[in-house]
Each structure stands twice: as structure tokens, then as C-alpha cells.
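Visitor: I am new to this structure and would like to be shown around. Could we go through it by question and answer?

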Amino acid sequence: MSADGSWKVTMSTPMGAQEMTLDLQQDGAALTGTMSAAMAPDKMELSDGTVEGDDLAWKAALTQPMPMTLEFAATLDGDSMTGKVKLGTFGDATFEGTRA
């Protein structure tokens with residue numbers, strides 16, 4: 001299953017639910033794309049993206065409201081994904097999304 005496409009994702013964070021949009025492109029085991037969210041006015045380029053079977057991983061550098069690197073790990077199941085994200089020093093959060 002390819003990760004390609006636009007995804008509507010909701011993160012459950014200590015600050016409440018955060019909505020974001022992922023635009024993913026898969027090329028073999030490499031994953032690239034962008035992430036946009038209300039908490040960050042600029043689109044963020046994904047880095048260190050990997051695909052292994054149905055498992056995805058990537059990072060996104062958040063600059064606002066404070067600088068931190070978000071580290072995502074997700075599992076695809078058809079047109080849905082679930083996973084965890086490391087929120088720097090703020091611990092971990094879960095997320096789920098659907099292909100738009």
C-alpha cells in the first residue's frame with residue numbers, strides 16, 4: 001500500500017486536539033512531503049522519511065509556537081493511519097488520520 005496522497009490527521013496533544021494536513025510522496029523506501037497545521041502558519045518539509053511495509057516514519061521541524069522537532073511513527077491500514085509522535089521535551093502524543 002502506498003502512502004501517497006493528502007491525509008487529514010488529528011493529534012491528541014497535552015494542549016488538546018491539533019488538526020493537520022500531510023501531503024506524502026513515497027518513492028520505494030523513501031518518504032517525502034509537507035505538513036501544515038493551524039499551530040504552524042508555514043508548511044513544514046518532512047525529513048528523514050522512511051517506509052518499511054506499512055510502517056512510516058518522518059520528522060518535521062516546528063518553529064512556532066516554539067522550536068522543536070516532531071518525530072512521527074505511523075502504521076498504514078488502507079486509507080487510514082495511526083501512530084505516535086514525540087513532542088520534544090513534552091513527551092509523546094497519539095494521532096490518527098484518513099486519506100483525503
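Visitor: Which residue in β8 does G83 stand opposite?

Guide: This is a predicted model. In it, β7 and β8 run antiparallel and are joined by seven bridges. Within β8, the residue that G83 stands opposite is F95.

Visitor: Which residue in the turn of the β7 and β8 hairpin has a positive phi?

Guide: The hairpin formed by β7 and β8 has four residues between the strands. A phi of about 60° is found in that turn, and the residue that has it is G88.

Visitor: What is the bridge partner of T10 in β8?

Guide: Strand β1 covers residues 5-13. It runs antiparallel to β8, and six bridges join the two. For T10, the bridge partner in β8 is E96.

Visitor: How many salt bridges are there?

Guide: Side chains of opposite charge can pair when their charged atoms come close. The cut-off used here is 4 Å between a side-chain nitrogen of Lys or Arg and a carboxyl oxygen of Asp or Glu. K59 and D48 meet in a salt bridge at 3.6 Å, and D79 and R99 meet in one at 2.7 Å. The count comes to two.

Visitor: Why does D48 count as exposed?

Guide: Exposed means over 50% relative accessible area, and partly exposed lies between that and 20%. K59, its salt-bridge partner, is partly exposed because its relative accessible area is 29%. D48 counts as exposed because its relative accessibility is 53%.

Visitor: Where is R99, the residue paired with D79?

Guide: The side chains of D79 and R99 meet in a salt bridge. D79 is in the loop between β6 (68-77) and β7 (80-87), 20 residues apart from R99. R99 counts as partly exposed, at 23% relative accessibility. Its place is in strand β8, residues 92-99.

Visitor: What is the relative accessibility of E52, a residue of the negative surface patch?

Guide: The negative surface patch is formed by E52, D54, D55 and D77. E52 is found in strand β4. It counts as exposed because its relative accessibility is 65%.

Terms used. Residues are numbered from 1 along each chain as its sequence is written. This is a predicted model: local features need pLDDT of at least 70, side-chain atom pairs count only at pLDDT 80 or more; totals for chains, interfaces and linings use all residues. Side-chain values use heavy atoms; hydrogens and water are left out. Buried means under 20% relative accessible area, exposed over 50%, partly exposed in between (1.4 Å probe, protein chains only). Patches are made of residues with over 30% relative accessible area and no salt bridge: like charges are joined within 9 Å, nonpolar side chains (Val, Leu, Ile, Met, Phe, Trp, Tyr) within 5 Å. Accessible areas come from the Shrake-Rupley method with a 1.4 Å probe; for residues, only the protein chains shown count as cover. Lys and Arg count as positive and Asp and Glu as negative; His and the chain ends are not counted. The place of a charge is taken as NZ of Lys, CZ of Arg, CG of Asp or CD of Glu. Two strands pair if DSSP finds at least two bridges between them.
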